[in-house]
Structures are given as structure tokens and as C-alpha cells.
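Here are a few exercises to work through with the model open beside you. Try each task before you read its solution.

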Amino acid sequence: MKQKQVARQLIDKLPDNATWDDVVYEMAMCREIELGLADSDANRTTPAEDVIRDFGFPVTLPIALGATKP
């Protein structure tokens, strides 16, 4: 889908009283998700377990135990 079409769909989903900030936020979120998915597809990601260990978080965090939902 072309970027212009995606932008229109995002705007159409916003409420009628949406602000410019709402529009920019939704566009930025969409772009960040696209970039993240591209990184994932190209194996440019770090497993959550490694991040937890590297930052010294306790291993009792749900994600460290393999949880997929909070």
C-alpha cells in the first residue's frame, strides 16, 4: 500500500476532534512500527532476555520468564 493511502486511512480512523498532534503521533507510531518490523525481518533485533540481562533487571520480570501477556 502506498504511503499516501496509509496516511489517509490513519487520518480517517481518527475522531473528528483530533488535533494536529494526534495526527503526527499516529503517523510517527505507524512509521516506528514499520521500521521495527523491517529490523525484525532483517534480524537486527536483540532478544528481550538479553536486554533484561544486560541492563541488570531482575530475572523475575514476566518477560524473562517467557510471559507473552502482562
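**Exercise 1.** Against which helix do the buried residues of α1 pack?

*Solution.* Before starting, note that this is a predicted model, in which local features need pLDDT of at least 70 and side-chain atom pairs count only at pLDDT 80 or more, while totals for chains, interfaces and linings use all residues. Residues are numbered from 1 along each chain as its sequence is written, and side-chain values use heavy atoms, with hydrogens and water left out.

Step 1: find the buried residues. In helix α1, residues 3–13, they are V6, A7 and L10. Buried means under 20% relative accessible area, exposed means over 50%, and partly exposed lies in between, with a 1.4 Å probe and protein chains only. Helices are DSSP runs of H or I with at least four residues, strands are runs of E with at least two, and both are numbered from the N terminus.

Step 2: look down the axis of α1. The buried residues fall within an arc of 100°, so they line one face of the helix; the arc is that of the directions from the helix axis to the C-beta atoms.

Step 3: turn to the face of α1 directed away from the buried side.

Step 4: follow the contacts (heavy atoms within 4.5 Å). The partner of the buried residues of α1 is α2, residues 20–41.

**Exercise 2.** Describe the chain as a whole, from its secondary structure to its surface.

*Solution.* Step 1: count the elements. The protein chain has three helices and zero strands, and along the sequence the pattern reads α-α-α.

Step 1: consider burial. Of the 70 residues in the protein chain, 10% are buried.

Step 2: The chain exposes about 6300 Å², with carbon and sulfur atoms supplying 59% of it; the areas come from the Shrake-Rupley method with a 1.4 Å probe, and for residues only the protein chains shown count as cover.

**Exercise 3.** Are the rings of F55 and F57 stacked or edge-to-face?

*Solution.* Step 1: recall the cut-offs. Rings of Phe, Tyr and Trp (its six-membered ring) pair if their centres lie within 6.5 Å; planes under 30 degrees apart count as stacked, over 60 as edge-to-face and the rest as tilted.

Step 1: apply them. The structure holds one aromatic pair. In it, the centres of F55 and F57 are 6.2 Å apart and the planes lie at 25°, so the pair is stacked.

Step 2: check the exposure. F55 is exposed at 62% relative accessibility, while F57 is partly exposed at 46%.
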